[in-house]
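The following note collects points on a structure under review. Please read them alongside the sequence and the coordinates.

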Amino acid sequence: MKFIEDLTNALDAKDLGRCLELLDQTPDHILSSPEAQFLTGRVLIEAGRNSEALVHLEYAANAVSLDAVDDVLQVARVLLSCGGDSASKHLLSKLLTTQVPSSFSFTQLEGITDLYLIMESPENALTILSSCYSHYENQANFLEFLELLGKAFAHSDSVWEELEVYLLGLKIEPFNTRLHHSISRALSKLSLFDDANTHLEFIEKLNPDFKRKAIALDYFQACKSGSFETQERLKKQWLQ
């Protein structure tokens with residue numbers, strides 16, 4: 001459909017004026033398709049008209065094929081961007097009644113997890129990830145799965161479980177700086193600062209340019225120095 005193509009091109013070009021012009025010129029019966037409703041919602045979000053966008057996006061959510069997982073996730077993400085949390089959550093729930101979580105690609109599983117975490121529903125993410133554990137246990141991307149699981153535990157404030165998952169990952173890749181950094185963060189939440197510092201010093205040996213190493217080391221030095229003001233300032237930087 002030419003309208004869909006023209007509107008997509010205008011969105012890609014970030015030409016909001018052209019997008020709005022196309023919407024004004026297009027008959028309602030053409031705008032009624034799910035894809036047109038979705039694109040219309042995106043345009044209205046760009047125009048700052050979120051409440052109007054939500055109406056179109058909810059229509060798209062009700063009409064999107066649940067077999068098209070990537071399309072479902074795209075609609076859910078855009079719904080979230082205009083305040084449609086409940087509609088996004090409902091769409092994901094519908095998807096999960098028709099699909100077994102282990103049938104999703106890892107990228108799709110990661111997308112679903114991130115959506116639930118954004119909606120502050122880590123318990124939903126953990127339920128899905130737990131059901132997929134045995135599926136990924138013998139897969140090449142098991143480590144990536146563990147990191148995703150650890151992230152979900154972190155959002156649910158299940159620090160010991162988070163730490164356990166990262167330590168399991170370390171058995172797969174003992175020199176993975178990301179894992180050592182995640183472990184140090186979990187240990188710091190448990191006030192095990194000396195153990196956390198050990199992992200940070202190990203990162204420094206492996207990669208002196210590691211992105212957040214300096215902030216983290218400063219934080220632990222501040223903890224030991226007893227400077228509360230410095231602790232709090234660096235804590236916000238490092239644990240954000």
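Predicted model: local features only at pLDDT ≥ 70, side-chain atom pairs only at ≥ 80, totals over all residues.

1. At the start of helix α12, a side-chain oxygen of asparagine 176 comes to within 2.9 Å of the backbone nitrogen of arginine 178. A polar contact is a pair of N or O atoms within 3.5 Å; within protein, one atom must be able to donate a hydrogen and the other to accept it, and residues adjacent in sequence count only if both atoms are side-chain atoms. Helices (H or I, at least four residues) are DSSP runs, numbered from the N terminus.

2. Residues are numbered from 1 along each chain as its sequence is written, and side-chain values use heavy atoms, with hydrogens and water left out.

3. Helix α12 covers residues 177-189, and its 13 residues should span 18 Å at 1.5 Å a residue, the expected span being 1.5 Å times one less than the number of residues. The end C-alpha atoms of α12 are 19 Å apart, which agrees. Just after α12, serine 191 adopts a positive phi of about 65°.

4. Ten of the 13 residues of α12 are buried, so the helix is mostly covered (buried means under 20% relative accessible area, exposed over 50%, and partly exposed in between, with a 1.4 Å probe and protein chains only). Among the buried residues are His180, His181, Ile183 and Leu187.

5. How do α12 and α13 pack? Their axes are 8 Å apart, at an angle of about 160°; axes are lines fitted to C-alpha atoms, for helices over the stretch in contact, and angles run from 0 to 180 degrees between N-to-C directions. That angle makes α12 roughly antiparallel to α13 (over 145 degrees counts as roughly antiparallel).

6. The model contains six aromatic pairs, where rings of Phe, Tyr and Trp (its six-membered ring) pair if their centres lie within 6.5 Å; planes under 30 degrees apart count as stacked, over 60 as edge-to-face and the rest as tilted. Tyrosine 133 and phenylalanine 145 form an edge-to-face pair, 6.0 Å centre to centre with 70° between the planes. Tyrosine 133 belongs to helix α9 (residues 122-136) and phenylalanine 145 to helix α10 (residues 142-155), so this pair ties together parts that are twelve residues apart in sequence. Tyrosine 133 is partly exposed, at 25% relative accessibility, whereas phenylalanine 145 is buried, at 0%.

7. The rings of phenylalanine 175 and phenylalanine 202 are stacked, because their planes are at 25°, with centres 6.1 Å apart. Phenylalanine 175 lies in the loop between α11 (159-172) and α12, and phenylalanine 202 in helix α13 (residues 193-206), so the pair links distant parts of the chain, 27 residues apart. Phenylalanine 175 is exposed, at 59% relative accessibility; phenylalanine 202 is partly exposed, at 28%.

8. Two residues of the loop between α8 (106-118) and α9 deserve attention. Serine 121 lies in this loop and is buried, with a relative accessible area of 2%; its side chain makes a polar contact of 2.9 Å with that of lysine 89. Glutamate 120, also found in the loop between α8 and α9, is exposed at 69% and has a positive phi of about 60° although it is not a glycine.

How values were computed. Parallel < 35°, antiparallel > 145°, perpendicular 65-115°, else oblique.
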